[in-house]
Every structure is written in structure tokens, then in C-alpha cells.
Amino acid sequence: MKHYHLFYGLLLVALIFPVQQNFSQRSNFSVGAVPSYKTDGYGVQLNLNHYHSTTDYMQASLVAAFSKEKPNSGVEFPYEDYLFNLGYFTTILTSPKRGISFYFGGGPSVGYKYINDGETDFAFDALEAESSFIYGGYTSFEMDFFISDAFSLIIPINGYYHFNSDLNDSTLLLGAGLRYYLK
């Protein structure tokens with residue numbers, strides 16, 4: 001008779017674990033879209049996060065930023081940054097009962113800087129810049145406010161530094177967007 005109780009106890013534990021995994025609030029992945037503000041321009045960031053623990057995650061993101069350079073008051077020209085970033089983020093402060101988390105992270109950043117619609121001739125001789133591939137790194141501070149089990153409001157502050165950029169080697173993007181947790 002004692003063996004039946006042990007068997008039923010083990011069977012109950014074996015069934016509860018998969019059910020708990022299926023009905024958990026969030027999965028190991030999330031996707032986000034963040035419109036951003038940039039000096040004299042704007043941007044958009046799309047990211048995919050993989051949560052490998054409750055406090056850390058890996059992020060792959062695509063960023064497109066559009067701006068205008070004004071070397072003097074009478075002249076301006078457009079430029080665009082297209083970036084791919086891989087980053088590691090860790091929790092620096094969290095309050096699960098209030099639905100708030102703060103993360104800090106960063107990693108390598110590569111991309112392409114498209115200057116003056118591909119033209120190398122400028123209306124002035126003060127600048128020598130041409131479109132090219134760029135590489136460097138980025139750091140980010142993210143605030144995450146849970147709206148529901150599947151959605152959260154994210155507010156990232158991203159700083160980029162690209163070593164070989166002919167124009168504006170450092171960039172700051174401030175944004176607010178939504179993150180959806182895949183089930």
C-alpha cells in the first residue's frame with residue numbers, strides 16, 4: 001500500500017511540472033519595437049531577447065536611425081545608420097510585485113552609414129565623408145514596465161560608439177516602445 005502512495009506522489013509531481021511550464025506567464029523569448037529620438041532625427045529599433053535566467057538575457061537588435069548633419073547654419077545633408085547589435089543584459093534592480101525591472105547591458109555593433117544619399121560631392125569643402133561599413137560597440141540602460149502578462153512598456157537609452165565612422169562616431173538614442181513576450 002505504501003508503494004502506491006509513493007507512485008501517486010511521483011506521478012503528481014511529474015504532471016505538475018509540465019502543466020506549470022505550459023501555463024507560465026512568459027516564455028524564454030520576447031520581441032520589441034521601439035521608436036527613438038536622435039539629435040536632429042529619429043530611429044527605430046527591433047529586438048529579440050532570449051532569457052536564459054530570471055535575471056539575464058541576450059539581445060539581438062536591428063536599428064535604423066535617420067538624421068541630418070549641419071556643419072554650418074546654411075548647409076545640411078542627410079545621413080542614415082543601419083546597425084546590427086548583439087548584447088548581454090543583466091538586471092540591476094527589479095520589483096516583480098510592482099512589475100518594474102531595470103537592465104544594463106551592451107556588446108558589439110556593426111552596420112552601414114549611408115551619407116548624403118550616396119553622393120560624395122558636398123556643396124562645401126569642409127567635410128570629407130563617404131558611406132561605409134562601421135563597427136564598434138554599444139551600451140544600453142533599459143527600463144521595463146509590465147502592462148500585462150504578454151506586454152510591457154520598455155524605455156531604452158542606447159549609446160553607440162563606432163571607431164571607423166567618418167561622421168558622428170558617437171550616437172545616443174532615446175526611445176519608448178512595446179515588448180511582447182512569446183508564449
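With which side chain does the side chain of asparagine 85 make a polar contact of 3.4 Å? The partner is the side chain of tyrosine 160. The model is predicted, and the points below describe it by topic.

**Asparagine 85**

- Asparagine 85 is located in strand β4.
- With a relative accessibility of 0%, asparagine 85 is buried, because residues under 20% are classed in this way.
- Besides the contact with tyrosine 160, the side chain of asparagine 85 has a polar contact of 2.7 Å with the side chain of serine 109.
- Residues up to four places away in sequence aside, asparagine 85 touches Gln59, Ala60, Ser61, Val63, Pro108, Ser109, Tyr138 and Tyr160.

**The largest nonpolar core**

- The largest nonpolar core has 12 residues: Tyr51, Tyr57, Val63, Ala65, Leu83, Phe89, Tyr103, Ile134, Tyr138, Tyr160, Leu173 and Tyr181.
- Two or more residues of this core come from each of β3 (56-72), β4 (75-95) and β6 (132-146).
- The most is given by β3, which supplies three residues.
- In soluble globular proteins, nonpolar side chains tend to be buried together.

**Tyrosine 57 and the aromatic cluster**

- One aromatic cluster is formed by Tyr51, Tyr57, Phe89, Tyr103 and Tyr181.
- Tyrosine 57 is in contact with Asn49, His50, Tyr51, His52, Gly87, Tyr88, Phe89, Tyr103, Glu142 and Arg179, when its neighbours within four places in sequence are left aside.

**Aromatic pairs**

- The count of aromatic pairs is 13.
- In the pair of tyrosine 42 and phenylalanine 66, the ring centres are 5.3 Å apart and the planes stand at 40°, so the pair is tilted.
- Because tyrosine 42 belongs to strand β2 (residues 41-51) and phenylalanine 66 to strand β3, this pair ties together parts that are 24 residues apart in sequence.
- Tyrosine 42 is exposed, at a relative accessible area of 53%, while phenylalanine 66 is partly exposed, at 23%.
- Tyrosine 135 and phenylalanine 163 form a tilted aromatic pair, with 6.1 Å from centre to centre and 45° between the planes.
- This pair links distant parts of the chain, 28 residues apart: tyrosine 135 is in strand β6, and phenylalanine 163 is in the loop between β7 (151-162) and β8 (170-175).
- Tyrosine 135 has a relative accessible area of 45% and is partly exposed, whereas phenylalanine 163, at 56% relative accessibility, counts as exposed.

Technical notes
Residues are numbered from 1 along each chain as its sequence is written. This is a predicted model: local features need pLDDT of at least 70, side-chain atom pairs count only at pLDDT 80 or more; totals for chains, interfaces and linings use all residues. Side-chain values use heavy atoms; hydrogens and water are left out. A nonpolar core is a set of buried Ala, Val, Leu, Ile, Met, Phe, Trp, Tyr and Cys residues joined through side-chain atoms within 4.5 Å. Buried means under 20% relative accessible area, exposed over 50%, partly exposed in between (1.4 Å probe, protein chains only). Helices (H or I, at least four residues) and strands (E, at least two) are DSSP runs, numbered from the N terminus. Contact means heavy atoms within 4.5 Å. Rings of Phe, Tyr and Trp (its six-membered ring) pair if their centres lie within 6.5 Å; planes under 30 degrees apart count as stacked, over 60 as edge-to-face and the rest as tilted. A polar contact is a pair of N or O atoms within 3.5 Å; within protein, one must be able to donate a hydrogen and the other to accept it, and residues adjacent in sequence count only if both atoms are side-chain atoms.
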